[in-house]
Amino acid sequence: MSTAPTSTATMGFTSTLLPKLLTLISQNSNRRKLLLAIILYTVYKYRRSVLFVRPRPDLPGPPGLPLIGNFWEMATTPTAVFHQSQERNFAKYGRVYTMAIPGVGRTITVKDPEIMDHILKTHFWNYEKGTRSKQTIGPLAGNGIFTADGEWQRQYASKIFTVKAFRQYTNDVFVQEAQRAIDYIETFADTGKVVDLQRLFYCFTLDSFGEIAFGEVFNCLGDPTKDVKFAAAFDRLNHNLSGRFFSPTYKLVEWWTGTDKLITEDRTIIRDFAQKIIDRRRRERQEQVKVDEGKKDLLQLFMDIGSEEGGTPLSDDMLVDSVLNFIIAGRDTTAQALAWTFYLMHRRGADPAIVQRMQEETDSVLQGGLPTYETTKQQKFAEACFNESIRLFPAVPRSTRICTQDDELPGGIKVHKGERVNWNTYAMGRDEKIWGPDAKVYNPFRWMEMKEKPTSSKFLSFHHGPRTCLGQGFAVTEAVTLMSMFFQKYTFELENPDQKANYIPSLTLPLAGGLRARVNRRTD
Ligand code: HEM
């Protein structure tokens, strides 16, 4: 049992609920009276306690209810404004606050670069993803890099990005798939018809990943309005598992709604798909079919790295996990970041100088040609537009770790073994202390004017420390390739320029309502 600071909820209990219960007792039979009296006594005695959670009267935080702590608050906070509610808590309680829920435990939520550096870098070893993370996204991520705490996964995955041919191959795929996206929007150009750009970006990143991960053509860009079986199962699974992060009682809810069965079905579809490709590759390997060095996909690279001298060949399950984790990491994140970028550049009130500068930069770097890996590196303003959008709308908006040994954070804040430390990248990206008084304004020019790039403990969108996003360069190249090819030819106009910046609550940050826009050919 724990003792929490006296709360308004507790005061509400004494002033409103207590008299009601006393009246109820006086009106009931003896047995009922006794039962009610016991309940009343228990609730009163533990009015400042949260069942099974260690007390932290030293930390501020939203007041909870007797025994159930912040359960009610968590259950009733609309998930569509989850990040704003955390921002409000920071505004009220400062850079660190706590909440507690029976069965889930205590969470300490932080928003401070110095503390982030401590948790994610200098004391990295003391904060692990833990079993809850594995339970929640396990059906999708398996035992891959996302749920693992170290081991072989990072070692293998990081090797992939050092393969030079892989960089060239991915770049060729981005150009090819962006061209297919252009073929699609060309049919809309100057017609006044509306296209959902977010959906198109999902198809762009899915088709790119189909090629890069498995050497497979999903052909989502062939008709973005139609579902691709693998992608539909992947999206549904992602969506259903996201719900687990917001619900302490997800097991019960899934059983009640039948979502548990859907999760199993979708998991099977995805893994069977990957397994078939692995079987084919193993057969081809036995038949000694030659693989073009310049066209090795992720699966092939993972198979090769495992067979290298000193390497351990990966089992089929490990291969499936490895490749799927790249798709989880890179597909939705990049598509959503692109959608937010186009949204922020075109919504009402956006500075027209942003699109103008983007066009000027693209025209001057590409000179009418197609992008290459080298030209994307020169498009600093395009990169700034992208970074600025994931500062405000980070594709991974929050995350969590479990403390494995008692620790002390900068500022003398104690964290006990088993307590959960959460952080909110969304809130950090809008923090005036880090970004200045215009922190909430979309202003890509700030990146061009900075003398030094912000450290990753401040610009947390790609994470910080030893588990920093491995695909940061990949994502930026992919996004800048598409942006440059789009801005080279077209202008965009949102169907609803006043569309609100709402997101769908999820592990990532999709733009709610998609991004419906009209496309016009550039005439300048
Ligand atoms: C806008 C795009 C992206 C953003 C904002 C982003 C952000 C992140 C963040 C915040 C993490 C840490 C997650 C956590 O452990 O809490 C992460 C991890 C990771 N990302 Fe990205 N990512 C993006 C694109 C990509 C792409 C395209 C790839 C692969 C091609 C990728 C590969 C990875 C991998 C493998 C990890 C796991 C690293 C580890 O746990 O050691 N990411 N990413």
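## Where Cys-469 sits

Let's start with a cysteine: Cys-469 is in the loop that runs between helix H20 (445-449) and helix H21 (472-489). Helices here are DSSP runs of H or I with at least four residues, strands are runs of E with at least two, and both are numbered from the N terminus. This is a predicted model, in which local features need pLDDT of at least 70 and side-chain atom pairs count only at pLDDT 80 or more, while totals for chains, interfaces and linings use all residues. Residues are numbered from 1 along each chain as its sequence is written, and side-chain values use heavy atoms, with hydrogens and water left out.

What does Cys-469 do for the ligand's iron atom? Its SG atom is the single donor from the protein, 2.3 Å from the iron. Donors are N, O and S atoms within 2.8 Å of the metal (3.2 Å for Na, K and Ca), and water is not among the atoms, so sites may look incomplete.

## Around the ligand

The ligand has 25 residues around it, and the closest are Lys-129, Arg-154, Ser-399, Arg-467 and Cys-469. Sorted by class, the shell holds 14 nonpolar, seven polar and four charged residues. Here Ala, Val, Leu, Ile, Met, Phe, Trp, Tyr, Cys and Pro count as nonpolar, Asp, Glu, Lys and Arg as charged, and the others, Gly among them, as polar.

Which parts of the chain supply at least two residues each of the shell? They are helix H14 (316-346), strand E5 (398-403) and H21. H14 gives the largest share, five residues.

Some side chains also come up to the ligand's oxygen atoms. A polar side-chain atom of Lys-129 is 2.8 Å from a ligand oxygen. For Arg-467, an N or O atom of the side chain is 2.7 Å from an oxygen of the ligand, and for Arg-401 that distance is 3.3 Å.

Two packed helices are described by the angle between their axes and the distance between the axes. The axes are lines fitted to C-alpha atoms over the stretch in contact, and angles run from 0 to 180 degrees between N-to-C directions.

H14 and H17 (residues 380-392) pack at about 100°, with axes 9 Å apart. They are therefore roughly perpendicular to each other, a label for angles of 65 to 115 degrees (under 35 is roughly parallel, over 145 roughly antiparallel, and the rest oblique). Their contact has eight nonpolar, two polar and no charged residues.

## H15 against H17

Helix H15 (residues 352-366) packs on H17 at about 140°, with axes 8 Å apart. These two are therefore oblique to each other. On the H15 side, Ile-354, Arg-357, Met-358 and Glu-361 meet Lys-380, Phe-381, Ala-382 and Cys-385 of H17, where contact means heavy atoms within 4.5 Å. This contact divides into five nonpolar, no polar and three charged residues.

Note on methods. A residue is near a molecule or strand if one of its heavy atoms lies within 4 Å of it. A polar contact is a pair of N or O atoms within 3.5 Å; within protein, one must be able to donate a hydrogen and the other to accept it, and residues adjacent in sequence count only if both atoms are side-chain atoms.
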